[in-house]
Amino acid sequence: MAAEKRLHSPNWFRVAELKLRLRNHVRLHRTHYRGTLWYVLQDRTSGRFHRFTPAAYFFISLLDGTRTTSEAWDIACEALAAEALAQDDVIRLLATLHHADVLVGDVPPDIEELAERGRKGRSRARLMRVINPLAIRIPVLDPDGFLRLTLPLVRPILSVAGLVAWALLVLTGIALAAVHWGELTHNVLDRVLSLQNIALILVAYPAIKAIHELGHAYMIKRFGGEVHEIGVMLLVFLPVPYVDASDSLSFPQKWKRALVAAAGILAEMAMAAVAMIVWTGAEAGVVRAFAFNVMLIGGVSTVFFNGNPLLRFDGYFVLSDLVEIPNLARRANLYIGYWVQTRILGAKDVRNPATAPGEAGWFVFYAVAAFLYRLMIFSAVILFVATKFFVVGVVMALWALTLMFVVPVVKWLGFLFTSPVLNRTRGRALARLGAVVAVVAFVLLAIPLPFATMAEGVVTTPSEGRLVAEVDGTVAEVLVAQGAEVASGAPVLRLADPLLAARVALLEATVVERQARYDAVRAIDPGRARVTAAELAHAREDLALAKVRMSGLMVRARTGGQVALPGHTDLVGRAVRKGDVVGFVSPFVDPVVATLIPEADADLVRTATRRVEMRFVTDPATVHDGTVTREVPGLTATLPSLALATVGGGRIVLDPARPVEEARALQNFLALEVQPPAGQPFEAIGARVMLRFVHAPTPIAVRVYRRARQIFLSTFSV
């Protein structure tokens, strides 16, 4: 009896006597998704596609305009038995087909209803063209005839041999890019944002995208499809062409659909490879600059935008085809809604968008990842535009905020208060949702969680433990062995400077000569004697200074301990300059750890640190308490050691405009010196140390607000 109730519907009388059939322009295609047979209905007039199960397809095939809906359903029940559609399912199916305007029947049409639906459809289409602030579409013409005539010229490229040639071309481009990577990336930001280069980008971008879209179009024609729309898309206000490639959805093989989606990416990669070859062989000038921009657009934009499956561009459709989940983005959002309705609101009889094993996992992953990536991209683009045109950036931010947050919230509120799904459980659903929102808000706003700032440090020694060259010279002799114990004042290195030795000899001779002149004139000419005496005094001062410098050629230990000489095996013959650190003398106890804190975290570390935890990389399992013993006033870009820079395995990026030896970072840092408890031994100077500056536990929302405020203030220099 229960099964009988589920099979029949009280609303069946509304459709039972209708005699319906599909319109002539409708086509049905048989295909498989994730091992399940489906039938795809293609409406050639609107370009829309609808997917149906075999049971639904069987029922649709019975609608020939002569049978009533009731007769078709009886035949389906007899043929399919338990697999047949229930009457409620048939009503929903007919409603879907009617809404898609693909049904005709013997009931006189409601002209006003059709006109109203047409107006709503056109309004919805116009809205969808402008609803995305970064992509506005304007249709222009039907290119199918042109593509059909020119396909024979392109067909050799769209073959296995063409794919092999493409692979060889792209591999050549990648190899050349690897060889010339330093030259390609040198000062790249300034080169890209120069006025001349921006002008070249404005010329190159539409041309590249035109070839990109033709790749889609020709691939569709290659597999027997049709392309009936080509137009212009305002992508971040830049006009670029686009084609309607939806006809590929009718292809039964997923690899054909994926190739159509990937054709534009393949075309751009081929253009980037050709541009790399041209750039390598061209002289500096317009041709080389244009080739660089083709590489930039065809390579970088493909990775971050067009080829990224988290944005609804080509990479998204490739992923959707390969995993065999059509309409992945929309169904992922629907699945999140389904999960909220069933798990949180407690709604019943809600249709699950997941129709095959494994789809639910894909839906959850894609919905979350795509939302976060879109949020990141929108934020980056809006911040970039706002730094150049503040008002435009603010308008784009409000637009994006409305689309990504306000509109979904309004829709959900409308669902909560008006949806018939919640008619019997609305009060309970609102209570459950309120409880969930309260718990989430409590977790984000009220629960303090552990909070710390992480930093890298490097083991150094106090200044008295450093062997510093007092004069310029060349290392002539190493007087002690590596690791030997020396006392304070012991000589460690001897430098040589032949010019300084010659200057001392010259000054000694000058002193002797002026002394003789003074002795000769002091008794007979007091005036000349006074002048000669002054010259003699200057010569003696110069000689004394030169001898001090000569004594500086002997590098001595300023404290006792073990000698550590970096590169001691090839130290002899190395040129050093005054002030260079050539080695260390240390007891290898009580290390000083130098660290740099990014400017964004400097105030937090300076004022809100409760304790410091240290882990030496040589013993990562042991945690030591640290004490900040010295803070450099102000901020600095000078690194205490290249070990903290990326060239030394660290995380800090050096300023490419300065020599590596200067150890200057791209941004400013707070420089600190931290020491572990007294008596702590260490193995090597220059060893890496991980530092954790522990702060008071803080709720997540407070941290997010603090970081967002910092980004805003730093971006707009407020």
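Patches here are made of residues with over 30% relative accessible area and no salt bridge, with like charges joined within 9 Å. By that rule, E17, E71, D74 and E78 form a negative surface patch. This is a predicted model, so local features need pLDDT of at least 70 and side-chain atom pairs count only at pLDDT 80 or more, while totals for chains, interfaces and linings use all residues. Residues are numbered from 1 along each chain as its sequence is written, and side-chain values use heavy atoms, with hydrogens and water left out.

**The negative patch**

- Asp and Glu count as negative (Lys and Arg as positive; His and the chain ends are not counted), and each charge is placed at CD of Glu or CG of Asp.
- E71 sits in helix 3, residues 69–80; helices are DSSP runs (H or I, at least four residues), numbered from the N terminus.
- E71 counts as partly exposed because its relative accessibility is 40%, where buried means under 20%, exposed over 50% and partly exposed in between (1.4 Å probe, protein chains only).

**Salt bridges**

- The whole structure has 20 salt bridges, each one a side-chain nitrogen of Lys or Arg within 4 Å of a carboxyl oxygen of Asp or Glu.
- K221 pairs with D144, with the closest N and O atoms 3.2 Å apart; this ties helix 10 to helix 6 (residues 144–154) across 77 residues.
- K221 is buried at 12% relative accessible area, and D144 is buried at 7%.
- D144 and K221 also belong to a salt-bridge network with R148.
- R257 bridges to D321, with the closest N and O atoms at 3.4 Å; R257 is in helix 11 (residues 254–281) and D321 in helix 13, 64 residues apart.
- Both R257 and D321 are buried.
- E513 and R517 form a salt bridge at 3.5 Å between the closest N and O atoms, and both lie in helix 18 (residues 498–521), four residues apart, about one turn of the helix.
- E513 is partly exposed at 37%, and R517 is partly exposed at 35%.

**Two buried residues**

- H216 belongs to helix 10, residues 195–222, and counts as buried because its relative accessibility is 5%.
- Beyond four places in sequence, H216 is in contact with V243, V260, A261, A263, G264 and D314, contact being heavy atoms within 4.5 Å.
- E324 is in the loop between helix 13 (314–322) and helix 14 (328–344), and is buried at 16% relative accessible area.
- Leaving out residues up to four places away in sequence, E324 touches H32, Y33, R34, K254 and E359.

Key: Patch = residues over 30% accessible without salt bridge, like charges linked within 9 Å, V, L, I, M, F, W, Y side chains within 5 Å. Areas by Shrake-Rupley, 256 points an atom, 1.4 Å probe, with all protein chains shown as cover.
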